[in-house]
Amino acid sequence: MDNTQKFSGKSDIYEQSRPAYAPALIDWLKEELQLGPQTPIADIGAGTGKLTRQLLELDAPVYAVEPNADMRQKMVALLGDQANFHAIATPAEKTGLPNHSVKLITAASAFHWFDANAFRAECQRILWPEGAVCLIWNHRKLDNDINLGFRNIFSRYCPNFSGFSFERQKGTQAIERFFSAAPIEKHFDNPVRYDQAGFVGRALSASYAIIPGDDGYEEFLDALRQLFERYAADGFIEVPHQSVAFLGKV
C-alpha cells in the first residue's frame, strides 16, 4: 500500500486517541529557534494536525503538508478558521512551497513514512539558510509493564507489526544519517491518560492494527481491554510516553 494511504479511514480514531506532544518541547523549539510571527513553519506529514495546532500557538504561519485526504480534511475541519493555518495537499517529498520559505520544518510521527533522501532534498530547498528540521515522535517508554504488554498484544495479533515507529527508526540509524551533522536530541516526559475507549482507540489508530473482519480481531480487542483493566485505577490508565525530538541542519 502507498504510505500516504495507510491512515485512510482512520482520521476520527486518530484524532480522538492520539496524544499531543509535550508542551515543553514546543517551548524549547520556540526558545532555541526564536520562533514567532515572522518565522514560518512547515509541518510535514501533519495528519489531523496534532502538532500543527501546538505550533499555531506560537503565532507563526504554519504550512501543514498532508497528502492523505481523510486526515487532511479532518485537520482543516478543526483548524481551518485560524488565519495562520495553511493546508497543503502534497507529499513530503514535493511540498510545492517556495524556495527558502520556512525557518523550521517539523515531522511529527511521520518521518518513517517518507523517502528520506527525497525529503532531505526538499528540506534543503524550502528552508531558510539558517533553518532547521525537527523530527519528533511520541515514544512509548518500554521500561514498564503497560507498554510491554501493549507491544506483546500487537506482536501476537497484528502481522504487520515490527516494533513501534521510533524503535524502528532509532535501530537503523536513519535519523542520524538524515542530518548533515549530529542533531540535538531532547526527551520530554509526556505521560498519556486514557479511559478504556481511548486506550483501545490508540491501538486501533496504528497503521499496522488489524481491522474488523481480520482474523483475531475480537481477541485483539479483548486482550487490549484486559490489559487496560489490569492497570487502570478509577477508570483511567496513565501510559508512560516521552516526546522525543531531533533538531538539526540538513
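Both F161 and Y208 are buried, where buried stands for under 20% relative accessible area, exposed for over 50% and partly exposed for anything in between (1.4 Å probe, protein chains only). Y157 is buried as well, and F220 likewise. Please keep in mind that this is a predicted model, in which local features need pLDDT of at least 70, side-chain atom pairs count only at pLDDT 80 or more, and totals for chains, interfaces and linings use all residues. Residues are numbered from 1 along each chain as its sequence is written, and side-chain values use heavy atoms, with hydrogens and water left out.

Now to the rings. Searching the whole structure gives 18 aromatic pairs; rings of Phe, Tyr and Trp (its six-membered ring) pair if their centres lie within 6.5 Å, and planes under 30 degrees apart count as stacked, over 60 as edge-to-face and the rest as tilted. One of these pairs joins Y157 and F220, which are tilted at 50° between the planes and 6.1 Å centre to centre. Y157 belongs to helix α6 (residues 145-157) and F220 to helix α10 (residues 217-231), so their pair ties together parts 63 residues apart in sequence. Helices here are DSSP runs (H or I, at least four residues), numbered from the N terminus.

F161 and Y208 make an edge-to-face pair, 5.0 Å centre to centre with 70° between the planes. F161 sits in the loop between α6 and α7 (165-172) and Y208 in the loop between α9 (196-204) and α10, so this pair links distant parts of the chain, 47 residues apart. Y157, F161, Y208 and F220 are among the members of one aromatic cluster, which also includes F150.

Technical notes
Helix = DSSP H or I, 4+ residues; strand = E, 2+ residues; numbered from the N terminus.
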